[in-house]
Amino acid sequence: MISAFSPLTLPPLPARFSPREFTHVRFRPPQAFSATATASSTAYATRENTALPYLNLQRMPSYTSLYDVLGLPTEASFQEIKSAYRRLARVSHPDVAAIDRKDSSANDFMKIHAAYSTLSDPEKRADYDRKLLRRCRPVASVRMASGFTGYTRRNWETDQCW
Amino acid sequence: MAEPIYTVASDSETTGEDRSAPIFPEIAVGIDIGTSQCSIAFWNGSQVELLKNTRNQKIMRSYVTFKDDTPSGGVINELSHEYDMLSGAAIFNMKRLIGRVDTDPVVHASKSLPFLVQTLDIGVRPFVAALVNNVWRSTTPEEVLAIFLVELKMMAEHQLKRPIRNVVLTIPVSFSRFQLTRVERACAMAGLQVRLMPEPTAVALLYAQQQQQQAVHENMGSGSEKIALIFNMGAGYCDVAVSATGGGVSQIKALAGSPIGGEDLLQNTMKYLLPNVESIFSHRGIDEIRRMGLLRVATQDAIHKLSFQSSVQIDVNLGNGSKLCKVLSREEFEMVNSEVFEKCKNLVNQCLHDARVGIDDLSDVVVVGGCSNIPKIRSLLMQKSKKKALYEGMNPLEAAVSGAALEGAVASGIADPFGSLDLLSIQATPLAIGIRADGNSFIPIIPKNTTMPARKELVFTTVKDNQSEALIVVYEGEETRAEENHLLGYFKIIGIPPAPKGLPEITICMDIDSSNMLRVLAGARLPGAHHPATPFMEVKMPTVDDGHGWCAEALHGKYGAAMDLVSLQKKS
C-alpha cells in the first residue's frame, strides 16, 4: 500500500531533513486493544514512505472513522473514549515513544488527539456521527477547501480521515 | 512494500540544537529556580528526593552576590545575615527580568529592588548591575540564572557522584517563547541540556503520580478520571492549570498565568507603609539601598507573620533619624493588595472557563508555591471551588521541583518495577501563536491550550492587486491587537503570482514538534494551482534577538500596509 503522490508536489527538502526513520504507524485492529493496556511494538508496520516530519505528505492509513483511530466501536461510552485516548497516548506520545520514531509519533499522537477531541465532546461527536452516517462527501472536495496539496492533510480538525 | 530507506542522521541531532534532542541518556534532574527560592530534585530509584546543601537546606534562596572577582549564589554562599543581601551586591528576582525589554511594566516595577535596574524605554534589555566596592558592575539575568544552575549542578554532581547534563527546569506559564530562549541560553552557559516545563504542569504530574499510586494501592482500576485545579503562586508569578488525570496520564486542559506574585504583595505593602518610598530611594546611593533593604526585610517578615496572626507590629529604623512604627492588620494587607487577589481570581476563572470545566467537576484543588499560606489566597480558592478543604497531599514548596524530577525520569526512559513512573504529561500551549493580519489584528493560528505536539494552518490573501510580497510577523499572546503580544519573529514571502487582491492563497502553517520547537511554514499559490508558486518558507521561531522591542514599529514605519495580509474566508 504505497502512496502514489507525485514527487513534484513536494516542497524542496531542506538539507537537514535528510531522510530519517519516519516510520509510519499502523494500529492494530480495534479488538486488539481491548486486551491489554499497552500496544506492543508489533503494532507498527514497516515504514512505507519518507517525508518531512511535519509536512505530512505520506499517505494516511485508511481509517474508516475516528472510532477506528481510537480502536473503539461507534457505540463506545465517553468513559471508554477517554480511557482509549489515555491508553494510546501512553504508547504514541513522543515523550514515551521509542527514540527512532519520535517524529512519526508526533503525527500519530496528533491524530489520536484529534479523534479524541471530536469524540469526547458530545456536540462534536453527534455532529460527526451524523456525517459518518451520510459518509458520502468525496475526499477531493475536502482537499480543495484547504490549502495546497502539501498542507491539506495536516488540518486535523476539519479534514478527518475519511 | 517500499524499499528500505537509507538514513542519514539529521543535522539537528548532532549540532548544538540541543532542544531537538529531548532524549536523555541518563536520568535528568528537576530544577525549580523561582523568583526568590530554588531547589533541585532527582529520582532516586524509587521516589523523588530533594537535595540539600551544606547548610541542610532543601529550599535555597535565589540570589547571587557579587564580591571582588567571583560571584557566588545562594546555593553555596552563606549570608551572615539577611541584610547582607541588601547591600547592593546581591542580585535577585532575576526570573522577573529574564527576556524582558525595558518598556515592560514588570521591569519598571523591579526598579525598586536594592540594586541597579536601569531602563531607557527604547525596547532594549534593561541594564542590571550590582554594587561591588562602590562600583556598579553590570550583569544579566541570564548570567545570574547560569550561576544558580552551575551551583546546583555542582552540588548534585558532588552528592550523586555522576555528571549532570540533563535537567527539567520549571518555568512560568506566562513566559513567551522569546523568554524561553533566554532561559535556554542560561542553561547552555551552565553546560546543561534542558527541557522546560510550566510549573503547574509539573505539579499536575506529581498529582497524577499520587493518584495513580493511590489507585494501585486501593486496587482500583485506572479508568476513573480526576479533574484538578492547580494554583501555583510564588514570588514572581501566578500560574493556574486545569488537568484531567487518569491512569498516570496528566492531560493539561487549560493554562493561565501572569507575572503577579509575592513581590507585588511586598511592593504594595511597602508603598502603603511608606507612601513616598520611591522618592526616598530614587538616588540609589549606598545609604538609600540599605534603607530600602531594611524596609524590604521588615515588610517581608510582617507579611509572613500575617499568614498566622491577624496583625503585626512593624518597627524599623530606616536611618537618617527616620523610623517606621506601625501596626499592620491582615485586613489592611488584603485591602492594599485587593488588585493582586482580584487578578488571581480572574486567572482561576479564565482557566476554568477555557478548560470548559464546571466547579462540580473538580476533584481536587491544589494550592502550591510560596504564597500558598496566605489566608486570602486559600479562602479565595475554597470559595471559588466551593470546597471545604484544599488538597493536602503535597508540600507546597516542593511540588513543582518534584514534578520536574518525575518528568526527568519519565523522559529519560526509566522504568520503575512498581509502576511509579508509568506517567505521561500531555502539555498544552500556554499562549496562542499567530500572525499580524486584517489590519493590525493578531490572528491566532495555534490557539491557546492546544494539545502539543500541534500543527495548524490558516489561509490568508493579499490586500493589493498584484501584490508580490507579504510580510509575516509572528506573535505569541492573547491580545487582539498584534503589537500587544510577544513578537517572535518576521519574514517575507516573495514571488506571489500577479493577481487581483484577495485571490492568491497564502497558507501559513505552524508546527510545534515533540521537543516544543516552533516552525512556521508559508507558501503562496493561486487557487486551483497544484504547485506553490515559489518554494515554501520554513522558519524556526523565535528569530528575534535582544532589543527587538521596536522591530514591529520599525517594520510598520518602513513598509506601512504595503505587504499586509488578510484572512481568507473559506467558501464552504
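**Close-up views of a predicted two-chain model**

View 1. Arg356(B) is exposed, with a relative accessible area of 65%. In this predicted model, the side chain of Arg356(B) meets that of Asp121(A) in a salt bridge, at 3.2 Å from N to O. On the chain A side, Asp121(A) belongs to the loop between α4 (102–119) and α5 (122–134), while Arg356(B) sits in the loop between α10 (338–355) and β18 of chain B. Is Asp121(A) buried or exposed? With a relative accessible area of 13%, Asp121(A) is buried.

**View 2. Arg96(B) and Asp264(B), a salt bridge within chain B.** Here the two side chains meet at 3.2 Å, N to O. The pair links distant parts of the chain, 168 residues apart: Arg96(B) lies in the loop between β7 (90–92) and α2 (105–109), and Asp264(B) in helix α6 (residues 262–273). Arg96(B) counts as buried at 2% relative accessibility, and Asp264(B) counts as buried at 16%.

**View 3. Glu469(B) and Lys492(B), joined over 23 residues.** The side chains of Glu469(B) and Lys492(B) form a salt bridge of 3.5 Å, N to O. Glu469(B) is in the loop between β22 (454–462) and β23 (470–477), whereas Lys492(B) is in strand β24 (residues 486–493). Glu469(B) has 27% relative accessibility and counts as partly exposed; Lys492(B), at 32%, also counts as partly exposed. Elsewhere, Lys82(A), Arg86(A) and Glu225(B) are joined into one network by salt bridges that share partners.

**View 4. Glu142(B) in helix α3.** Glu142(B) lies in helix α3 (residues 141–160) of chain B and counts as buried, at 4% relative accessibility. Which side chain makes a polar contact with the side chain of Glu142(B)? That of Arg125(B) does, at 2.9 Å. Beyond its neighbours within four places in sequence, Glu142(B) is also in contact with residues including Arg182(B), Arg185(B) and Met189(B).

**View 5. Met197(B) in strand β12.** Met197(B) has its place in strand β12 (residues 193–198) of chain B. Because its relative accessible area is 1%, and under 20% means buried, Met197(B) counts as buried. Leaving aside neighbours within four places in sequence, its contacts include Val168(B), Leu169(B), Leu205(B), Glu407(B) and Gln427(B). Gly30(B) is 167 residues away from Met197(B) in sequence, yet their C-alpha atoms are 9.8 Å apart in space.

**View 6. Ser174(B) in its loop.** Look for Ser174(B) in the loop between β11 (166–171) and α4 (177–189) of chain B. Ser174(B) is buried, with a relative accessible area of 12%. Not counting residues up to four places away in sequence, Ser174(B) touches several others, among them Tyr237(B), Asp239(B), Ser258(B) and His486(B).

**View 7. Strands β13 and β18 side by side.** Strand β13 (residues 226–233) of chain B and β18(B) run parallel, joined by six bridges. Ala228(B) stands opposite Asp364(B) in β18(B). Strand β18 (residues 362–368) is mostly covered, with six of its seven residues buried.

**View 8. A nonpolar surface patch.** Leu120(B), Ile122(B) and Trp550(B) form this patch, and together have about 330 Å² of accessible area. Trp550(B) is in the loop between β27 (537–541) and α13 (551–559) of chain B and counts as partly exposed, at 46% relative accessibility.

How values were computed. Residues numbered from 1 in each chain as written. Chains lettered and ligands numbered in written order. Predicted model: local features only at pLDDT ≥ 70, side-chain atom pairs only at ≥ 80, totals over all residues. Heavy atoms only, no water. Helix = DSSP H or I, 4+ residues; strand = E, 2+ residues; numbered from the N terminus. Buried < 20%, exposed > 50% of the residue type's maximum accessible area, 1.4 Å probe, protein only. Contact = heavy atoms within 4.5 Å. Pairing = 2+ DSSP bridges. Patch = residues over 30% accessible without salt bridge, like charges linked within 9 Å, V, L, I, M, F, W, Y side chains within 5 Å. Areas by Shrake-Rupley, 256 points an atom, 1.4 Å probe, with all protein chains shown as cover. Salt bridge = Lys/Arg side-chain N within 4 Å of Asp/Glu carboxyl O. Polar contact = N/O pair within 3.5 Å; in protein donor to acceptor, adjacent residues only side chain to side chain.
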